[in-house]
Amino acid sequence: WHIWIAEELMRDSMRAWIVRPMRWNDTYQAGFVASRAYHDTAFTEFLSPGRRQYPQDYIRGFNQRISSRLLEANNRSFVAVTVDEPDVPVAYMQCERLGDDEGAKEVIREKKSIWLSICEVVYKAWVKYSTMIWPDRSGMNEADMAFFIQATEGEEQKHWEGRPDRANRWYCRSMVVSQEFQR
C-alpha cells in the first residue's frame, strides 16, 4: 500500500496529513474517534441508549467491530494522521471487498495468511465469550435489536439481492473523521 500525503487548510495554517494502512495499535483510537463522532446522533440514541451511563461499554463496542474488521482478509483499513502526530489517528476508513470474482479473490490472497486466520478466530472467540461475561450495557434491548435487524435485512434485500451487477464491489463499512478535523 502506498502512503498518500495531502495538505489541508485548517485554522489558517497548512497541516500535512498522511493516510496509511491501519495497524492493530490504531484500533483503540479509531474506536474512540467513532464513539465521539456518533455519540449525539438520533440513530445512536436508538442503538445505544445507555451510552452516557456506560461510556466504556459504548467505546468497547466500536473497538471490537473495528478490530474484527481489521483481521478480515477481504477488508482494507486506513487511518489519517497528522505529520505532527503520526501515531494518533484522527480519521479512519474500513472497506470490504465483496463478491467472488477474480478481483475479490486477489484482494483476499494479498492479505490472507495462516497467522491472520488464527488471530481472527481467536479474537472473535474472545469477543464472543468476553461479551457473555461483560455484556454491552450501553446497547438497546432485545426487542429493539430484533426490529433493527429485520429492517436492515429488508434494505439489504431491496438494494442488493437479485442484482448481479452489484455483487462484486467494494463496500465502505465505516468512514469517520474526528469532529475537530472535519472540513
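This is a predicted model: local features need pLDDT of at least 70, side-chain atom pairs count only at pLDDT 80 or more; totals for chains, interfaces and linings use all residues.
Me: Which residues touch the most other members of the largest nonpolar core?
Reply: They are Met22, Ala30, Ala34, Ile66, Val79, Tyr92 and Val176, out of 13 residues in that core. Helices α1 (27-38) and α3 (55-70) and strand β3 (75-82) each supply at least two residues. The largest share, 4 residues, comes from α3.

Me: What does tyrosine 92 touch, leaving out residues up to four places away in sequence?
Reply: Tyrosine 92 touches Met22, Ala30, Ala34, Ile66, Phe78, Val79, Ser174, Met175 and Val176.

Me: Why is leucine 47 called partly exposed?
Reply: Its relative accessible area is 22%. Buried would need a value under 20%, and exposed one over 50%, so 22% falls in between and leucine 47 is partly exposed.

Me: Where is leucine 47, and what is it in contact with beyond its neighbours in sequence?
Reply: Leucine 47 is found in helix α2 (residues 42-47). Leaving aside neighbours within four places, it is in contact with Ser138, Gly139, Met140 and Phe148. For a sense of distance, the C-alpha atoms of leucine 47 and glutamine 94 are separated by 20 Å.

Me: What makes threonine 44 count as buried?
Reply: Its relative accessibility is 5%. The cut-off for buried is under 20%, so threonine 44 counts as buried. The place of threonine 44 is also in helix α2. Not counting residues up to four places away, threonine 44 touches Tyr38, His39, Pro49, Arg51 and Tyr58.

Me: How many disulfides does the structure hold?
Reply: The structure holds 0 disulfides.

Me: How do you know whether cysteine 95 and cysteine 172 are buried or partly exposed?
Reply: Cysteine 95 has 12% relative accessibility; that is under 20%, so cysteine 95 counts as buried. Cysteine 172 has 37%, between 20% and 50%, so cysteine 172 counts as partly exposed.

Me: Which residues make a nonpolar surface patch of about 650 Å²?
Reply: Trp126, Tyr129, Met132, Ile133 and Trp134 make this patch. Isoleucine 133 is found in helix α5 (residues 114-133).

Me: Why is isoleucine 133 called exposed?
Reply: Its relative accessible area is 57%. Exposed means over 50%, so isoleucine 133 is exposed.

Me: What makes glutamate 72 and lysine 124 a salt bridge?
Reply: Side chains of opposite charge can pair when their charged atoms come close. The side chains of glutamate 72 and lysine 124 meet at 2.9 Å, N to O. The limit is 4 Å, so the pair is a salt bridge. Glutamate 72 lies in the loop between α3 and β3 and lysine 124 in helix α5, 52 residues apart, so the pair links distant parts of the chain. Glutamate 72 is buried, with a relative accessible area of 16%, whereas lysine 124 is partly exposed at 32%.

Me: How do you know that arginine 76 and glutamate 110 form a salt bridge?
Reply: Their closest N and O atoms are 3.3 Å apart, which is within 4 Å, so the pair counts as a salt bridge. Arginine 76 is buried, with a relative accessible area of 5%, whereas glutamate 110 is exposed at 51%.

Me: How many salt bridges does the count come to?
Reply: The count comes to 16 salt bridges. One of them joins glutamate 102 and arginine 109 at 2.6 Å, N to O. Asp40, Glu45, Arg51 and Arg52 are linked in a network of salt bridges.

Notes. Residues are numbered from 1 along each chain as its sequence is written. Side-chain values use heavy atoms; hydrogens and water are left out. A nonpolar core is a set of buried Ala, Val, Leu, Ile, Met, Phe, Trp, Tyr and Cys residues joined through side-chain atoms within 4.5 Å. Buried means under 20% relative accessible area, exposed over 50%, partly exposed in between (1.4 Å probe, protein chains only). Contact means heavy atoms within 4.5 Å. A disulfide is a pair of cysteine sulfur atoms within 2.5 Å. Patches are made of residues with over 30% relative accessible area and no salt bridge: like charges are joined within 9 Å, nonpolar side chains (Val, Leu, Ile, Met, Phe, Trp, Tyr) within 5 Å. Accessible areas come from the Shrake-Rupley method with a 1.4 Å probe; for residues, only the protein chains shown count as cover.
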